[in-house]
Amino acid sequence: MAIKWKKFSYSHAVKSLAFLLTVIFIVFIIVSILSANIFWKSFDIKSLPPNKFNLEETQPFLNEIGVLADNAVDMLTKYISDEAVSSGEAFKLTEANIWAEYREEVSAEVEDRRNELEKYRQSAEEYGDYSQYLDMNYYTVAADGTLSVNVTNIEHVLKSVYNLKVQNEKNNFLSGYERVRQYFDKVINLRYAVVSKSEGTVVSNIQGADPEEDFDSVLKGSYPWYMSVTGASNVTVINKNNDDSVFSFYSGQDGVNRSETDLSEKLLKYHTEKDFDFYFAFNENADSDNCIFSGIMRSYDYARTGYTAVVWLLFSSLFIFILLIVYLVIVCGKDGRDSPVKLTRMDKLPVSLHLIISGLPVYLIIIWERKNLDRVANRLSELTRIKWDITALIVAAISGAIIACIVLEAVLSTVRHIKAKTVLSGSLTAKIIRLAGGRLDREKILDLKKSTLAAVLVYTAICTGLAIAAALSSSRWVTVAALLLILILNLSIYLIFLKTFTAFNEIRNLVYHIQRGEFDYKMDDSLMTATIKGFSDEVVGISNGIRIAVDRATRDEKTKTELITNVSHDLKTPLTSIVNYVELIKREESSMEDRQKYLSIIDEKAKQLKRLIDDLTEVSKLSGGNVEFHPVDIDLYEFALQVVGESSDELEKAKIDVRIKEPQCRPMVFADGQKTWRIMENLISNVVKYAMPETRTYVEVSADEKFGYVTIKNISAASLDLSGDELCARFTRGDPSRTSEGFGLGLSIAQSLCELQNGVFTISVDGDMFKATVALPLANKK
Amino acid sequence: MSATNQMAYNVLICDDDVDLLDSLEIYLKLEGYNTFRATTGKKALSIVERNDIHCVILDVMMPETDGLSTTLMIRGEHNLPIILLSAKSEDTDKITGLSFGADDYITKPYNPLELVARVKSQIRRYTSLGSMVNKENTIVTGGLCLDLDMNELFLDGEPVHLTATELKIVRFLMDNLGKVMSSEKIYSAVWNETASSAEKTVTVHIRRIREKIEINPKEPVYLKVVWGIGYKMEKI
C-alpha cells in the first residue's frame, strides 16, 4: 500500500490537485489578512489576540458614549424639559444665546479693525499711503481724510449671518428635540442622570430623580457598565464583570490615547463649563434594537468572532499551505521517487527570465490594485448589491489567485531547475555563451594569465558600478556621465576584440601557407596584440622548425639518391673490368702468363664488387632505421687496443706503423661494441688505402665531460687540398677519381653508425695530416 | 692443412644452384671425399636415410623444403654435422640457423677452401670426439681440448703447436670458459706483472693464437673479441 501511495502521489492528477489547493489556500491567506485588517480598522483594535482586547478601548464604543453625552447635555441645556420646549421657552434661550454670540463677535471684529487702523497709522508715517491694502468695507473716510472703523457696517454684515443662524436653529429645533427624546425613550438598557448643579436641575430616566440624590451609589451596582463624570479631572468607567478593568480617563496626562482624550475632553468641557455631573449605567449585553450600544455590541460580537475566525483561518491556511508547498517541492519535476527530474516545456526558459516574465504581470496587478481596488469594488457592489467590504475582498481574492498561480508556477519551475541541477546550465548566460561554442573549463581558465582574468573582472566591476550609478542616481548629470562612460568602455573593448580577431586571422593566414608548404609567408607583426604575441611567436617557431626539417629531409634525400647513383656507377666499373678480362682470357692468343695476370685482376675486381655490395646493404639498412644497437659500457682504451690488434695484418701489409699513445685516462663509453668496431674498421681501411707507406699512424684515446674520443691520425700519401668537411662530403658522395676501390660509402656508413649512437664523427685536415675523430657518449657513473 | 684421413668420408651437398654444386664437388673430391648431390631438401633427406653420410652442406634458401626445416628433420634422426650455406649474413640469421641444429654457418660468397677446411674439421670432430670427452682433467669447448696434465692443446684431435706464452693465455681463457677477460687481466695473469703499456702484446698474441686454431682467423669461432671489454674463449 505504501508503494502504491508513493507511485500515486507522484501522479499528474495529484500534483495538479495540490497546485490548485495551494492557490486556494494562498487566496484564503490573502482574504483572511485583508479581513483582519478591516476588522482592525473598524474597531481600531490595538492588540491581538481577540479575546484580550476590551470593548472600552474600541473607537465605536467611545463614539457612542460621546453621542450619549452630547444628547444628555442637549437634553439638559438646550431642551430643558418637555414644557419648556412646547412653551417655546427653550427656543428663546437658544435664540438669546445666539444673539449673545452675535454681540461678542461684533465687538471682537470692531476691536480687530481698530487695531489694524492703528497699526496703519503708525506705519503710514514711515511708508506713506496704505489705503489700497485695506478692505474699505470696514472703514469710513471722514471729510478730512482720516479713517475710522465703520461699526454700523460690521454690525450689518454680521447681523445677516446671525439671522440665518437663528432661522436655521428654529427650523431644526423641534426635530432635534424629537430625536433626542426618542433616543432616551427608546433606550432600555441605560439608566442615566445628568445633573446641572448650578441650576439644580436633573435629566434622568430614574423614577423620582432628585438633583441632590447620590446617583453614584444608586446606579453603580445596577448594570455591568457604569460611567460617571463628577470631578474636574475625573471620568470613571467601570466594568462590573471585570473588576480589574477600572478604566480612568485623565485628560492630558499619563499618555492617554487620543480617542479617550477626545471623549474625556468633551465630557470634561461640559462638566467644567456648565458644571454638569454625568452618571451612566448600562448593560451592553441586552439584545434589542432599543438598546444603546446594541448596534455596536452586535457588530462588536460579530467582529470579535469574525476576527477570531479570520485569524484561525489565517493560521490553518498557512499551515496547510506550508504542507502543500513542501509536498509540491518534493514532488515537482519527477514521475516517481527515484526517477530523474523532467523539465516541462515552460522550464526551457532560464530561471532568471522566468522570474522576470512572471514578475511583470504580478507587479502590474499590484499597481493596478492599489489605484483601482476601491473603484472596482464600488462598481461591483453597486451592480450586485453586495456590501462594499465583501466585493473588495472578492476582487482581492481573484487578483490574489492570479498572482498566486503565476508566482507558484515560477517558484516550482525554479525548484525543478534546482533539482535537475540546470540552474546554471539552463540560465540565460549559459544559453548565450553556448552560442559561441566551446566550453568553460575551470582549470583551463585558471591557467590563463592572471592579468587577463583581472582585466575581465575589472571591466565587469566598472560597468556594473557605472550602471548602478546611472540607475540609482537622482542627478541627471551623473546618469548621463555614467552611461557615456559605459558606452566608451564598451566601444573600446569592442575595438580591442576586433584587433585580437584580426591578429588571429593573420596567424591563420600563416598556418594556411605553412600547410601548403609555403614557408616564405611573413606575418605582419604589428597586428599582434599583447595577449597573442607569445602564441604568434610560437607558431612562427613551428613554421621555422617545419621548414628546417623539410630542408634537412630534402637534403638527406638528395644525398642518399646521389650516394646510390654513385654506388651503382661504382658497381659497373669493376664489372666492366671483369667482363673485359674474361673476354681477353677466352681469346686463344692470350698466353698462360697473361691469363694468370688477367685472372688476378678479375679476382681483385670480384672482391671489390663484393665489398661494394656489402657496403650498399649496410647503408640501406642504416638509412631504413632497421639497425638495432645494444650499447654497453665499453673501455675505450681496451677497444682501441683490440682494433689495432685485429687490424695489424692489413696495416703490416701496407707497411704502416701504428702507434697507440698512452692514455691519460681510461674513459668508459656507452656504445655498441660491434657497430663501433665497424666504424673503426672503415677508418683503418681508409688509413691502409691512403696513408703514405713507411709513415706512422697514431691512435689516441681521450675524454672530456661528455664524450670519450678515439682519434686516428695519419699522413696522406697524396696531398689534400680540401678541408675536412669537403673531404668527408667527397668521400660520401664517392668521388670517381679517387674511388679506385669503390670506397665512397665507407665514411658515410661510419658517420651514420657514430651518430646513431649519439656520438659525433669528425674529419679534419691539416696540411698532409688526416685526422678522424670518433666521439662517443660517456657511460653513466653508477 | 693437416693430412687427409685414410677413410673416404661421405659428404652430401644440397643446393638449388647446380653450378655451385658442381664447383663444390670438385673441391671436395680433390680432398678425397665422396660426394652426394641433392637439389631439394626432400632429396637430401632420402640420401641421408639410405646412406652413411658424415657431413651435410645445406643451402638455406631452397624451394619447397628450405634448409632450416631440412636441418630439423635430419637432426631428428642423426647426429652428423650440418653446415649451413646462406646469402643471409645477419647475426640473427646465424643464430637461427645454429639453434635449428646446424653445427656451422657460412655466408655466401665464401672461400671454397675455407668451406672444405670446415668440413674437415667437422668430420674430425664427429669421428674422434667421443675419445676426447672421456679423458679427465681436460677443458673442452667444441673441437678444442686442453689437456691440463700434459699442458697440450688439441684441435679436433690434432695437437696444436703453441708457444709457452700462447699456451698460458689459452689456459687462462679456458679456465674462464665463456667469460670475457680484458687485456689487462690477461696480461697480469700470464706475465705476472701489472699492466703498463705492454697490453699491446696481448693483442699480438691473440692474433697469433687465432691463426693457429681458427680456420678463418678473421672470423674466429673459438677465440672471440668482445669489443671494448676483452677476449673470451667461446663455450661451445
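Reader: How many residues of chain A are in contact with chain B?

Author: Two residues are in contact if their C-beta atoms, placed from the backbone, lie within 7 Å. Here 18 residues of chain A are in contact with 16 residues of chain B. This is a predicted model: local features need pLDDT of at least 70, side-chain atom pairs count only at pLDDT 80 or more, and totals for chains, interfaces and linings use all residues. Residues are numbered from 1 along each chain as its sequence is written, while chains are lettered from A and ligands numbered from 1 in the order in which they are written.

Reader: Which element gives the most to the side of chain A that touches chain B?

Author: Helices (H or I, at least four residues) and strands (E, at least two) are DSSP runs, numbered from the N terminus. On this side, α18(A) gives the most, with nine residues.

Reader: What span is expected of helix α6 of chain A?

Author: Take 1.5 Å times one less than the number of residues. Helix α6 (residues 151-186) of chain A has 36 residues, with 52 Å expected. From first C-alpha to last, α6 of chain A reaches 50 Å, close to that value.

Reader: Where is the kink in α6(A) centred?

Author: The bend at a residue is the angle between axes fitted to the seven residues ending there and the seven starting there. In α6(A), a kink of about 40° is centred on F173(A).

Reader: Is α21(A) mostly covered or mostly open?

Author: A residue is buried if 20 or more other C-beta atoms, placed from the backbone, lie within 10 Å of its own. α21(A) is mostly covered, with 10 of its 12 residues buried. Among them are L745(A), I749(A) and C754(A). Just after α21(A), N758(A) takes a positive phi of about 65°.
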